[in-house]
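Good morning, and thank you for coming.

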Amino acid sequence: MFPIVQAPQCPWPRLGSRLPDTENGISADQISLAEIEKEQNLIVQLQQQVQLSNLLNQINNEIGRTLDLEEVLMSACRLLGEVLQCSRVSILVKESETEETLITRGEYSDGDYPVQLGMKVPIADNSHIQTLINQDSPLAVTKFANFPGFGEETREIVKVLGIRSMLAIATRYQGRVNGIIGLQQCDREREWTEWEQELIAGVGSQLAIAINQAKLYAETRHQAERESLLRLVSNQIRSTLDIKTILQTAVREVRQLLNTDRVVIYQFLDDFQGEIVVEDLMIPWPSIFGDSITDNCFSQEYAQHYLEGRVRAINDIENAGLDQCHVNFLKALQVKSNLIVPIVISTNDRGSSGILWGLMIAQHCQDIRHWQLSETELLRQLGEQMAIAIQQAELYSKVQEAAVKSQDQAQKLQATLEELRSTQQQLIQSEKMTSLGQMVAGVAHEINNANNFIHVNLFHAQEYANTFIEAIDLVAKSCPEAAPTLRKIGEELELDYIKEDFPKLLSSMREGSDRIRSIVTTLRNFSRLDESEFKPANLNQGLESSLAMLQNRLKNGIKIHKEYGELPLIECNAAQLNQVFFHLLQNALDAILASGKPGIINIRTESADNLLTISIRDTGVGISPEIQNKIFDPFFTTKPVGKGTGLGLSICYQTIVKDHGGTIRCQSQVGEGTEFILQLPLST
């Protein structure tokens, strides 16, 4: 820190001057006061030159250490503030030649004063800045509030910042102003010395170079960033055809690179109406993503301009010559400055300028912004890249749609062939079952006819046997002389045994005949050839018929547990459902036999909530999870070749789901068994 130089309290002799000589009679009082003052002034000047040199060296060191403009300016403000002990030091930078405002990029404060950093100061409203721009020398103002020509906005800024005195200079590089250095005193009015003005002038020359270098560096960096963004978008176009990803990347990178408030891509739909398809914004500005927007001021003339490649930079929507309705439309979106580039997709039509697909729009909402030529050029190039990306994505989408359509048609054809094959096999299987049913019915009919002869005549045989026994007994009583002979005959023929055993024999024959009649009834009930249409049926009886058909396999320790509920009659094709029960029960028996140990088949039926439920559960080997979703597919079987057709469960699914409007599902766990649950609606 360099203190303000004060004049020394005692004379300091200049190098080479003579000391007082009392021997020669020269008195110290005779030394000229002018000489002393001259010596003092020289010392002060030397000290000031040293301070200025040190200050410039430190600023040079900061410039050499970093090219970051903010760091250089903040350090310069701090050094100036410490050397000259003023309330605030600020450095304002002109962002471009076309800018009408200066922005505070550096600041130092030695007290609790309002912050100026980041504040934009209008040039047109500030006569002080205009004066600085028009003169090369520093401008020292003791009573700053009284400076003539301030506009209302500038007076308000001066009041807010509390500036009472100001020493300022415009920094120039090659004759062009690129910034303003301002030393401010806020606690008192201050007279600025010539040396302070010389110091700020020296610093101004140095900072003018630093500001220019930093701008060149920033421009180079921004150019590299712009080229990097263009490469990024180009690479994305080559690496992906997902248009949403490409567009979202573009708006995100553009908003960050331009440091603007909102960037959107607007797609036209019909009659210049459209919607925002992608958006990237800075908090707290509201999102307009997905909004359907109608700009009633957008005319065919505007569209033609954009088709011809027009890029429109609107620095101030209120002073750009726009229609008032267009201004109101932009105000509703809280937009103050707009940068618009078209997205035009080329066509194969000769003479056509293309199709106006949409617009890429960079929006500034917090204040007015002057768009740079480099920024408009960047957006123009990105608009061209977006057009290429969209066109490629649309072509790819059409190719994909065609491929999907072709694949869909191939899959449908394959499914149709599979269905035809399945239907053919099911028809063959159904024909086999029909033939089997007809054969079973025929055999049952013939057996029943023959058995009827036996069954009907057993009664008469019993009567005849009783008659013979009574006749023999009457002969023995009526002819005593024949008794010995009859006794001898009875002993030889064992008539007593025959009399006792013959009724038992006839009873056994009657039971056999009844069993034959029961089997015939079961066969007829199972085949139900006379009931191919939907008729009311009791499914408990159907389950019993199916079990009877498998009676010969119910051995080897297999037990049947029945939990039949009271079922109402249900409209169904009983013959088809009997085939389903038969197949599920047969599979359950096979699963238990495959496990190699005794097992149980549980059959449960119930009626509730307008649904009839049948459950057939076994304790067999179970079905692995990998194939559970395939068991109802036609021709899928886990049995060896020649042991299964793969149509059993497929026919069950067809019968329950498609023919009767019900559901069939499987629950299974390997090693614990399988349960098939059938549900049929009681009313359709």
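A residue is called buried when its relative accessible area is under 20%, exposed when over 50%, and partly exposed in between, using a 1.4 Å probe and protein chains only. By that rule Phe144, at 3% relative accessibility, counts as buried.

The model is predicted, so local features need pLDDT of at least 70 and side-chain atom pairs count only at pLDDT 80 or more, while totals for chains, interfaces and linings use all residues. Residues are numbered from 1 along each chain as its sequence is written, and side-chain values use heavy atoms, with hydrogens and water left out.

Let us turn to the aromatic rings. Rings of Phe, Tyr and Trp (for Trp, the six-membered ring) pair if their centres lie within 6.5 Å; planes under 30 degrees apart count as stacked, over 60 as edge-to-face, and the rest as tilted. The structure holds three aromatic pairs. In one of them, Phe144 and Phe150 are tilted, at 5.3 Å centre to centre and 55 degrees between the planes. Phe150 is buried as well, at 8% relative accessibility. Ring pairs join Phe144, Phe147 and Phe150 into a cluster.

Which residues does Ser165 touch? Contact means heavy atoms within 4.5 Å. Leaving aside residues up to four places away in sequence, the partners of Ser165 include Phe144, Arg190 and Trp192. Is Ser165 buried or exposed? Ser165 is buried, because its relative accessible area is 0%. Finally, the side chain of Ser165 reaches the backbone nitrogen of Arg190 at 2.7 Å.

Terms used: Polar contact = N/O pair within 3.5 Å; in protein donor to acceptor, adjacent residues only side chain to side chain.
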